[in-house]
Amino acid sequence: MTARARTRPAFPGVLEALNLRELATRFAWPMVLLLGISVRAFHVLRSSFPLNDGGLFFVMAGDIQRHAFALPDLTTYNGGEIPFAYPPAALYLIAALDVVLPVSLLTLFRVLPLLGAIATLFAFAALARTLLRSEREALIATAAFGLMPAAFAWMLPGGGLPRGFALALALLATRQAYGLVSTRREPGERLLALQRPVALTTLFAAGTLLCHLETAAFLGITFALVATLRGRGGLARLGSVAILTAAVTAPWWGVVVARHGLEPFLASMDQGGALLDDGRISWPALRYALLHPISTGESELPLLSSVAMAGGLLALLRGRLLLPLWCVSLAVVAMRASPTFGSVPAALLVGLGAGALFDAVARLGEDPRRWTAPAAVLGGCLLLAASNALAADRGPAAALHPLPEADRAAMTWAAANIPPDARFVVVPATGWWVDSPSEWFPAIARRESLATPQGNEWLKGEFAARLELHGRLSQCAEASVACLDEAAGPVAWTHVYVPAHCCQGLKDALRVSGTYTVDYDRSGVLIARRR
């Protein structure tokens, strides 16, 4: 009995010595950030080639180098008729790094998007600590953003190079804007007090615009919401930021307008989303957006989405309108990247909802036995969220697959053996947004691909025409050559490229066709020439 009594205090003494609560507080932020970084690195570092897309930007970076870092008039991508109107900051960055670093441009297109995605994680953490009312809510929100597939799925591909850095800058601009419109000063000191936050907000907003137009539109929606909900002074302050941003970025957009007029920018606006259809409101798209305001990209049980919905209801009950309205506004505008942008308020709502749950559990008291079930639930939720994050590359429609090695070899062969004036139809097996053979073909084979839509959003009407042709060709994956000829229609083309891992029926038909000559047939890739 005496021995047992002597040993009982040992366990509480060990806990007191370890001070687990202090350790958890000290290492919580590093562990949450490391978790988000690890998920992003997991998807990128498994491949030796950029994920999904990036061929357009690969060529544009080379165009910048060939023009001695002056802004080119046109890009040589896919026929050389596309205006070089894309925001160039990220492209100049990677072109310069390619010159000064002993690594290939392709390697940079694999690694830099990862760094941009990591930058968004740190920028989000700073924003969460500003917008949410407790450190616990900000910590949970950052963990959710780190594990939410929608937050990184379109940042990690090669084409995510400008998206990641633009979103990181937009989040920093949002944080500064929130502080700017919340600042209250005496009339005599207002101008001096606001100079620094106005300058920082303008700097981050200009960087966003110089990296990615669609993210700049997301920032504009965010500014409008913040200014409206924070009082009349917010509209004036953020309006001045918008004017200053336009002035700072004028050396870029002014050159583009002088060369091509406003048409490239107007054409690109037509491809930004689905809410407007030929100038009219698309009611089905609006109804879908209102019924599905939160999209987290989870492939299994939508845990984060459910918690975010609960957080949204809680925010409405508490009169905190910014986050719910932010989600709904981004969904209604229906930009192509609205799930990516929507991950920001969605993750903040996860922090709000889960934080309230933690507050309720904390009322159970300090007895460790009462925390067993909540801790088990928390651990299970964390494992499920991590599983969804690691499974973000599952399925043919996922954007985290690299161009197959067999296709890279075939495109390299085409660059060396096919006449430069050849015009190809690249048969798609997936949607255009994840059709990596179609997007990389003009960059590696250096031949024109008639159904590749990327880049043509800067040409009025051309993007829609390419999408239509892409859709018709996708119906021929397992069909005869007659389907191929009918789908291409009056388009003048000389060769067909059928990528690896698809379209076996069409490949068999081309091999025995009397109207095509097979020039390349290796490792599942077939290139045929029309007679």
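What percentage of the 531 residues of the protein count as buried? The share is 50%, where buried means under 20% relative accessible area, exposed over 50% and partly exposed in between, with a 1.4 Å probe and protein chains only. The model is predicted, and local features need pLDDT of at least 70, side-chain atom pairs count only at pLDDT 80 or more, and totals for chains, interfaces and linings use all residues. Residues are numbered from 1 along each chain as its sequence is written, and side-chain values use heavy atoms, with hydrogens and water left out.

**Overall organisation**

The protein contains 24 helices and nine strands; these are DSSP runs numbered from the N terminus, helices being H or I of at least four residues and strands E of at least two. Contact is defined as heavy atoms within 4.5 Å. Among contacts between residues at least 6 apart in sequence, 73% join residues at least 24 apart.

**Nonpolar cores**

A nonpolar core is a set of buried Ala, Val, Leu, Ile, Met, Phe, Trp, Tyr and Cys residues joined through side-chain atoms within 4.5 Å. The largest such core has 78 residues, and those with the most contacts inside it are F124, L156, L238, W326, V344, L348 and L349. Helix α6 supplies the largest share of this core, ten residues. Leaving aside neighbours within four places in sequence, L348 is in contact with F124, A128, L131, L132, A141, L323 and W326. Another core, of 47 residues, lies apart from the largest one and has A95, L105, L209 and A410 among its residues. In soluble globular proteins, nonpolar side chains tend to be buried together.

**Two helix pairs**

Axes are lines fitted to C-alpha atoms, for helices over the stretch in contact, and angles run from 0 to 180 degrees between N-to-C directions. Helix α5 (residues 89-100) and helix α6 (residues 105-131) have axes that come within 10 Å and cross at roughly 130°. The two helices are therefore oblique to each other; angles under 35 degrees count as roughly parallel, over 145 as roughly antiparallel, 65 to 115 as roughly perpendicular and the rest as oblique. Their contact is made by I94, L97 and D98 of α5 and L105, L108, F109 and L112 of α6. By class, this contact has six nonpolar, no polar and one charged residues. Here Ala, Val, Leu, Ile, Met, Phe, Trp, Tyr, Cys and Pro count as nonpolar, Asp, Glu, Lys and Arg as charged, and the others, Gly among them, as polar.

Helix α9 (residues 161-182) packs with helix α11 (residues 213-229) at an angle of about 15°, the axes lying 10 Å apart. That makes α9 roughly parallel to α11. From α9, the residues A166, L167, A170, A173, T174, A177, Y178 and V181 meet T215, F218, L219, T222, F223 and V226 of α11. The contact of α9 with α11 has eleven nonpolar, three polar and no charged residues.

**Two buried residues**

C327 is located in helix α17 (residues 322-333), and L469 in helix α22 (residues 462-474). C327 is buried, with a relative accessible area of 4%; L469 counts as buried at 5% relative accessibility. Not counting residues up to four places away in sequence, C327 touches P293, I294, P345, A346 and L349. With neighbours within four places left aside, L469 is in contact with L450, A451, A487, A488 and V491. The table gives one pair for each residue.

| Pair | Separation in sequence | C-alpha to C-alpha |
|---|---|---|
| C327 and P293 | 34 residues | 5.8 Å |
| L469 and V491 | 22 residues | 9.4 Å |
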